[in-house]
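User: I'd like to understand the labels used for this model. Could we go through them one at a time?

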Amino acid sequence: MEKVRIDKWLWAVRIFKTRSLATDECGKGHVMIGDIKVKASREVRVGETVKVRMAPIERHYLVKQLSDKRMSAQLAVGFVEDVTPPEQLALLNAAKAYGFEYRERGSGRPTKRDRRMLDKWKEEEC
C-alpha cells in the first residue's frame, strides 16, 4: 500500500472515533499535512507529518505505516507516532490546570450551584 485517504488513515489509527468525524474535521480545516489544510480525499504517504487541531492545542503525528482498516489500539502504535512538540503538551497541561473545563455534550450550561462549586474548586487549587 503506497497511499491511503487521510480520513481513512486517521480513523484506522484511532485518532478519531468514526470516519465521518475524521471527514468533518478535514472539511473544517482542522487537519493539515505540512502547513496545507487538506480535504478528506487527500492521500497520505509514509513519512509525512499530519497536524490535527484538537482544542486547545495542535497535535502532530508521524505516519509510520499505512492502513485503511481499523485496528486495535495495540496495533495502531506501530502505524503512527505522536511527535507533538513539548511546548504544546505543556500548554495542554496548563489549560487543564487553569480553567479549560470540559462538560459532557448535551449537559447544558452550569447551574448557579455548579458555578459556585467550580469557583470554589478553582480557589482551592490556586
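User: What is Ile 6 in contact with, leaving aside its neighbours within four places in sequence?

Analyst: Ile 6 is in contact with Cys 26, Val 31, Ile 33, Val 38, Lys 39, Ala 40, Arg 42, Val 44 and Val 50. Contact here means heavy atoms within 4.5 Å. A word on the basis: this is a predicted model, where local features need pLDDT of at least 70 and side-chain atom pairs count only at pLDDT 80 or more, while totals for chains, interfaces and linings use all residues. Residues are numbered from 1 along each chain as its sequence is written, and side-chain values use heavy atoms, with hydrogens and water left out.

User: What makes a set of residues a nonpolar core, and which have the most contacts inside the largest one?

Analyst: The name calls for buried Ala, Val, Leu, Ile, Met, Phe, Trp, Tyr and Cys residues joined through side-chain atoms within 4.5 Å. The largest such core has 23 residues, and those with the most contacts inside it are Ile 6, Trp 9, Leu 10, Ile 15, Val 31, Val 44 and Val 50. At least two residues of this core come from each of helix H1 (6-12), helix H2 (19-28), strand E2 (31-33), strand E5 (49-54) and strand E6 (57-63). H1 gives the most, with 3 residues. Helices (H or I, at least four residues) and strands (E, at least two) are DSSP runs, numbered from the N terminus.

User: How do you know whether Glu 25 is buried or exposed?

Analyst: Buried means under 20% relative accessible area, exposed over 50%, and partly exposed in between (1.4 Å probe, protein chains only). Glu 25 has 11%, so Glu 25 is buried. This residue lies in helix H2.

User: And why is Glu 2 called exposed?

Analyst: Because its relative accessible area is 68%, Glu 2 is exposed. Glu 2 lies in the segment before strand E1 (4-5).

User: What makes the link between the side chains of Glu 25 and His 30 a polar contact?

Analyst: A polar contact is a pair of N or O atoms within 3.5 Å; within protein, one must be able to donate a hydrogen and the other to accept it, and residues adjacent in sequence count only if both atoms are side-chain atoms. The Glu 25 and His 30 side chains make theirs at 2.7 Å.

User: Why are E6 and E7 called paired?

Analyst: Two strands pair if DSSP finds at least two bridges between them. E6 and E7 run antiparallel and are joined by 3 bridges, so they pair.
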